[in-house]
Amino acid sequence: MFWVIGLVIFSPFQSSSTNDKYLIPEGFEGDIQVNYNVQGAPALEKEGKYDIIPIREDGTYDTSKPEMEYGMVTDQYFYVDSEGRRTPIDVRCIYVGGNGSSEVGSTIIHHTYLKVTRTKCSDDYRAWGS
């Protein structure tokens, strides 16, 4: 008699790329925190393959989307003025700080952290955030 054993691997990754488009208030400089799985918060709108993340004046945004996407970072960053016009932000002005989570009651809130600068744009800033 011979046996065949199969192995199924489940990955927490929902996509192979991140595909987020951050809309940051014109002139903003500092820390950004996006919170996922926030009850009562809006879902993320889509623009083509990108999730739209409209950052508030305080550098935060809450969404009901249960989890951020993982994989190759394909994100885009824009400053947005009061008229809604977008200006691309050089990736050397963005530091991607990582992800984390916290628990509110029995709900796990996922976080992603970024920093944006207008004055320190460089390869070092992109890599280290300073």
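Let me start with the largest nonpolar core of this predicted model, which has 19 residues, and among these it is Tyr22, Ile24, Ile32, Ile53, Ile55 and Ile89 that touch the most other members. If you ask which elements give two or more residues to this core, they are β1, β2, spanning 30–36, β6, and β9, spanning 107–116. The element that gives the most is β2, with 3 residues.

Tyr22 brings me to the aromatic rings. A search of the whole structure finds 1 aromatic pair, and this pair is made by Tyr22 and Tyr77, whose ring centres are 5.4 Å apart and whose planes are at 15°, so the pair counts as stacked. What does this pair tie together? Tyr22 lies in strand β1, residues 20–25, while Tyr77 lies in strand β6, residues 76–80, so the pair ties together parts that are 55 residues apart in sequence. Both partners, Tyr22 and Tyr77, are buried.

Two other tyrosines have a charged side chain over the ring. The charged end of Lys21 sits over the ring of Tyr50, at 5.1 Å from the centre of that ring, and Arg118 lies over the face of Tyr79, with 4.8 Å to the ring centre.

Now to a residue that I would like you to find in strand β1, namely Asp20. Is Asp20 buried or exposed? Its relative accessible area is 4%, and because buried means under 20%, Asp20 is buried. Not counting residues up to four places away in sequence, Asp20 touches Tyr36, Tyr50, Asp51, Ile53, Asp75 and Gln76. Tyr50, as I said, is the residue whose ring has the charged end of Lys21 over it, and Ile53 is one of the core residues that touch the most other members. As for Leu44, it is 24 residues from Asp20 in sequence, and the two are 9.8 Å apart in space, taken from C-alpha to C-alpha.

Finally, a word on confidence. The chain has a mean pLDDT of 89, and 88% of its residues reach 70 or more. Over residues 1–11, however, pLDDT stays under 50, and for this stretch the model has 0 contacts beyond four places in sequence. Where pLDDT is low, the predicted coordinates should not be read in detail.

Methods. Residues are numbered from 1 along each chain as its sequence is written. This is a predicted model: local features need pLDDT of at least 70, side-chain atom pairs count only at pLDDT 80 or more; totals for chains, interfaces and linings use all residues. Side-chain values use heavy atoms; hydrogens and water are left out. Rings of Phe, Tyr and Trp (its six-membered ring) pair if their centres lie within 6.5 Å; planes under 30 degrees apart count as stacked, over 60 as edge-to-face and the rest as tilted. Helices (H or I, at least four residues) and strands (E, at least two) are DSSP runs, numbered from the N terminus. Buried means under 20% relative accessible area, exposed over 50%, partly exposed in between (1.4 Å probe, protein chains only). A charge sits over a ring if NZ of Lys or CZ of Arg is within 6 Å of the ring centre and within 35 degrees of the ring normal. Contact means heavy atoms within 4.5 Å. A nonpolar core is a set of buried Ala, Val, Leu, Ile, Met, Phe, Trp, Tyr and Cys residues joined through side-chain atoms within 4.5 Å. pLDDT is the predictor's confidence in each residue, from 0 to 100.
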